[in-house]
Amino acid sequence: MKADLLFESIEKEIKLSETDKELIVSLVRERKIKKGQFLSHEGAISRCTNFVIEGSIRTYFIDLNGQEHIVQFAIEGWWISDLNSFIMQVPATFNVQAIEDSTVLELAYENLELLYEKIPKLERYFRILTQRAFVAFQQRIIQNISMTAEDRYLSFVKKYPKIEVRIPQRLVASYLGISPEFLSKIKKRLKESKYNLK
């Protein structure tokens, strides 16, 4: 099992003993996901949260008009799930789907609770991640309200350079709340303005 990246992520915040690592490995499950395959569906309860080892994944919902809205991307070293569904164990609002062939480490809700009991300091790690995610969502709301589409795109590229070069343009456009055609126009205009974006 490829758990080194997971341990690296955790040990940015807390120190793990070898016994801690062995317990974590025993409670996560490596899963390979094909491009387009779902990790969870809207309406179903998210039983697991997922740590991405390889690939890229998105979380999205479909509005009443059938329009798709991406709320989160995840690449190597990131966690992804319908957080509300996972934490509260209620039906999901979002779909979680692989953008590329991916490998994740699944952590079931019951196993996370067991880890909190056996390794209490892990609560600190997940608290920090949840706080950062909440702050990021608040910042994104402010950006969507107060920034132009061009400024939102520039902010996205600056914050997530590795994602922008890997994810299809139509998905980036969905995340930004604009059409792929409008994003093409923004990129063309920026290139002409010597921002030197590809």
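Against which elements do the buried residues of α6 pack? They pack against β5, α5 (122–146), α7 (161–164), α8 (169–176) and α9 (180–192), where contact means heavy atoms within 4.5 Å, and where helices (H or I, at least four residues) and strands (E, at least two) are DSSP runs numbered from the N terminus. Helix α6 itself covers residues 149–159, and its buried residues are A149, R152, Y153, S155, F156 and V157; buried means under 20% relative accessible area, exposed means over 50%, and partly exposed lies in between, with a 1.4 Å probe and protein chains only.

This is a predicted model, in which local features need pLDDT of at least 70 and side-chain atom pairs count only at pLDDT 80 or more, while totals for chains, interfaces and linings use all residues. Residues are numbered from 1 along each chain as its sequence is written, and side-chain values use heavy atoms, with hydrogens and water left out.

UniProt, in an unreviewed entry, lists residues 6–115 under "domain: Cyclic nucleotide-binding"; its positions are given in the numbering used here, feature names are shortened, and annotations may be inferred rather than shown by experiment. The span of residues 6–115 is 25% helix and 38% strand, and its end C-alpha atoms lie 14 Å apart.

Within strand β4 lies T59, which counts as buried because its relative accessibility is 1%. Not counting residues up to four places away in sequence, T59 touches H69, I70, V71, Q72, I80, S81, F94, N95 and V96.

Together with L83 and M88, I87 forms a nonpolar patch with about 280 Å² of accessible area. Such patches are made of residues with over 30% relative accessible area and no salt bridge, with like charges joined within 9 Å and nonpolar side chains (Val, Leu, Ile, Met, Phe, Trp, Tyr) within 5 Å; accessible areas come from the Shrake-Rupley method with a 1.4 Å probe, and for residues only the protein chains shown count as cover.

How many salt bridges does a search of the whole structure find? The search finds 13, a salt bridge being a side-chain nitrogen of Lys or Arg within 4 Å of a carboxyl oxygen of Asp or Glu. One of them joins the side chains of E54 and K2 (3.0 Å, N to O). This pair links distant parts of the chain, 52 residues apart, with E54 in strand β3 (residues 48–54) and K2 in the segment before α1 (4–10). E54 is partly exposed at 33% relative accessibility, and K2 is partly exposed at 39%.

Another salt bridge brings together R166 and E100 (2.6 Å, N to O). Here too distant parts of the chain are linked, since R166 sits in the loop between α7 and α8 and E100 in the loop between β7 (95–98) and β8 (102–108), 66 residues apart. R166 is partly exposed, with a relative accessible area of 29%, and E100 is partly exposed, with 25%.
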